[in-house]
Amino acid sequence: MPQETIDNLRVSFGLDKPVATQFLYYVRETLKGDLGISYQSRQPVWSEITAKIPATLALVGLSAIFSAVIGTVMGIVAAWRRNTWKDHVITSGTMLFYSMPDFWLGMLLLVGFAVVLPWFPVGGIVDPGSTATGLERLLDQLHHIFLPALTLTLAYLGEYALITRSSLLDVMGEDYLVVARAKGLRDKIVRRRHAVPNALLPVVTLTAINFGFVLSGAIAVEAVYSWPGLGKATADAIRGPDLPMLQGLFLLFSAAVIFFNLVADISYAYLDPRVEG
Amino acid sequence: MASLAMQRRRATAARVWKQFRSSRQGMIGLTVLTLFVLVAVAAPLLADVRELNPVFARQQGNPQWATPWDFGPLGTDYIRRSVWAQFVWGSRVSLFVGLAATVLTIFIGSVVGVVSGFVGGKLDGVLMRLTEWFLVIPFLPLAIVLASVLGRSVWNIIFVIGITSWPSTARLVRAQVLTVKQRLFVDRARSLGGGGFHIVGHHILPNVSGLILANATLAVPISILTETTLSFLGLGDPSSASWGKTLEEAFANGAMTRNAWWYFLPAGVGILVVVLAFTLLGRTLEEIANPRLGGSR
C-alpha cells in the first residue's frame, strides 16, 4: 500500500489527531448516538451492531431460559434428596460442565454431533444458498441453533443448580418448614408451597443478572459455531483489530449488564416484601 | 514473645493440615495439582522444546496429522509438531498465567478491601463505588478490549485478568475486616497504643488471611479459564503457547472437521482437570477458613 493511501486512511478515520482529541471526539459523538465507522466493513458501527442483535438474542434467550429452568429443577432435586445418589450425580455433573471452557464444550459437541454423527450443521444460521421461507426457514434455523444453544445451556446449568441447591438447603433449616410438617402436610406440598418459593429469590436475581452478562458471554461459543451474532462480531473485530466496532460492542454489553442489574433489584423488591422498595 | 507467636502459628498450621487431610476432595485436588505442577516444572525432561518449532518438526521428518498410534504419545498437528510437546509446555504457560494473574487479583483486592474496611469513612465510600463500577462492567469484553489495545504478550494478559477480576475479592475482604475490627482484641491493641499499621499487620491480616487464601485458590480457575478464552479469541502471546492457544490453532486449522481428537482433547482435558482440582482445593480451604459454611455447599 503506498504511503499516500495510508495517510489518507488515517485522516479519514481521524487517526492523525492526538489521542486526547480523538477521545474527546469519541465521547462527543457517542453522546450524540454516533458510534463511528467500522474499520472492516466501512459501515456505521451502530447499524452493524443492531443488525446482529436478533441472532444473539435468540440464541442467548433460549439457552438462558433452558438453563435457568433445568438448573433450578436439578438444584431442587439435589437439595431435597441431599446426599443420595441423585444429589451426587447432579452436583458432580454440574461441576464438571462448570469447569470446562464453554467453547471447548462447543467444540466437543460440534465434532460429536455435526462431524462424527452428521445430525446437525457445523455452523451458521441457515443452510447456505437456502431460499426457503416461512415455516421451513424457521425449522432450518432451529436445526442450526440446536448445538450452540445446547452448549450454552450445559455451560450455564451448573451455576443455577448450585445456587438453588444451597439456597434451598438454607431454607430447609427454617422453623416454618417444621410447622408445615407438623401440620401433617405431605412432603410434596411442603416442598412446593413452603420451601421452593422462598428458596427461589436468589435464583431470580441470578437469572436477571446473568441475562446481562450472557449477552457478552456467548462470544467464544458464537465463534465456534459461526453464529452471526454479537459474539462472532466481537471475535471478528478482535482479528482486525476493529477498534470502533469493539468500542461499540463493549458499550452495548455494559448497558445490558446495568439494565438487567436494575431489573434484578426491582424484581427483588417486588418478590420479597421484606425489602423496602 | 516471638517464640510464643511462632509456637501458636505452628499449632494452627498443624490443625489446618489435620483438617485438610481428613477431606477427601481436598486431598484429590492437592494430588492432581502436585502432578500438574511436576509436569510443568519437568517440561524440559518430558519433551524437547524444539518440537514446538515447525521447521524442526519438518527436519525430524514428523508426519502431518499423525494419530497417536502412528506418532507417540499424542500424534502431530497440521504443521507436524508433536501434540505431547505442546501439552507439556502449554501446561507451564497456563499454570503460570493462572497463578500470576491470581496473585495480582488477590493483591489488589486485599489492599482495597483492607484499606476500605479498616480506614472507613469517605475513603471507604470512594473505594466501594470504584469496586462496584468494576463489578458492573462485563468482565470478558473489558478484558478483550484491554488486551486488544495493550497488545499480545503474557504479561499483558496477566495484567488484564488482574485488573478486571479483583472487585469480588475486595468486597469479601472488606466484609471480613469489618467484623474483625469490632473484636475486643483490636480495642485492646488500640488502647495499649498500637498504631494503624501495627493493628492491620498483627491483628487484622492474620484473621483474614485464611479467607484470602481460600478466595485465591477459587480465583485461579477463573484466571485460567479467562486466559484460555482470550487465547482462543486470538489475544494470546504468539511466542508462548498455552493450552488455550493450542485449542485456537486446532480450531482454526480444521482439526474439528478432520475429527483430529488427539489435537483438541489433551489441552481441553488439561484445563478441565486443573480447574476442577483448584475448585476442590479452594472449597476445602473455604470450609476450614469459614466453618459456618459446613458441608452444605
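Reply: Read along the sequence, chain B runs α-α-α-α-α-α-α-α-α-α-α-α-α. That is 13 helices and zero strands. Both are DSSP runs numbered from the N terminus: helices are H or I over at least four residues, strands are E over at least two. The model is predicted, so local features need pLDDT of at least 70 and side-chain atom pairs count only at pLDDT 80 or more, while totals for chains, interfaces and linings use all residues. Residues are numbered from 1 along each chain as its sequence is written, and chains are lettered from A and ligands numbered from 1 in the order in which they are written.

Confidence next. Chain B averages a pLDDT of 87, and 97% of its residues score at least 70. pLDDT is the predictor's confidence in each residue, from 0 to 100. The model scores ipTM 0.87 and pTM 0.87.

Now the crossing. Two packed helices are described by the angle between their axes and the distance between the axes. Here the pair is α2 (residues 24-41) and α5 (residues 83-119) of chain B. Their axes come within 8 Å and cross at roughly 110°. The axes are lines fitted to C-alpha atoms, for helices over the stretch in contact, and angles run from 0 to 180 degrees between N-to-C directions. α2(B) and α5(B) are therefore roughly perpendicular to each other. The cut-offs: under 35 degrees is roughly parallel, over 145 roughly antiparallel, 65 to 115 roughly perpendicular, and the rest oblique.

Which residues meet? From α2(B) come Phe36(B), Val37(B), Val39(B) and Ala40(B); from α5(B) come Val88(B), Ser91(B), Arg92(B) and Leu95(B). Contact means that C-beta atoms, placed from the backbone, lie within 7 Å. By class, the contact of α2(B) with α5(B) has six nonpolar, one polar and one charged residues. Ala, Val, Leu, Ile, Met, Phe, Trp, Tyr, Cys and Pro count as nonpolar, Asp, Glu, Lys and Arg as charged, and the others, Gly among them, as polar.

Look also at the loop between α4 (54-59) and α5 of chain B, where Arg80(B) sits. Phi of Arg80(B) is near 70°, a positive value in a residue other than glycine. Arg80(B) counts as buried, because it has 21 C-beta neighbours inside 10 Å. Buried takes 20 or more other C-beta atoms within 10 Å, exposed 12 or fewer, partly exposed lies in between, and C-beta atoms are placed from the backbone.

Asn83(A) lies in the loop between α3 (45-80) and α4 (85-98) of chain A. Its phi is near 65°, again positive in a residue other than glycine. With 10 C-beta neighbours inside 10 Å, Asn83(A) counts as exposed.

Last, the partner. 31 residues of chain B are in contact with 33 residues of chain A. On the chain B side, α7 (139-150), α11 (196-232), α12 (243-252) and α13 (261-289) each supply at least two residues. α13(B) gives the most, with eight residues. That side divides into 21 nonpolar, nine polar and one charged residues.

Methods. Contact = placed C-beta atoms within 7 Å.
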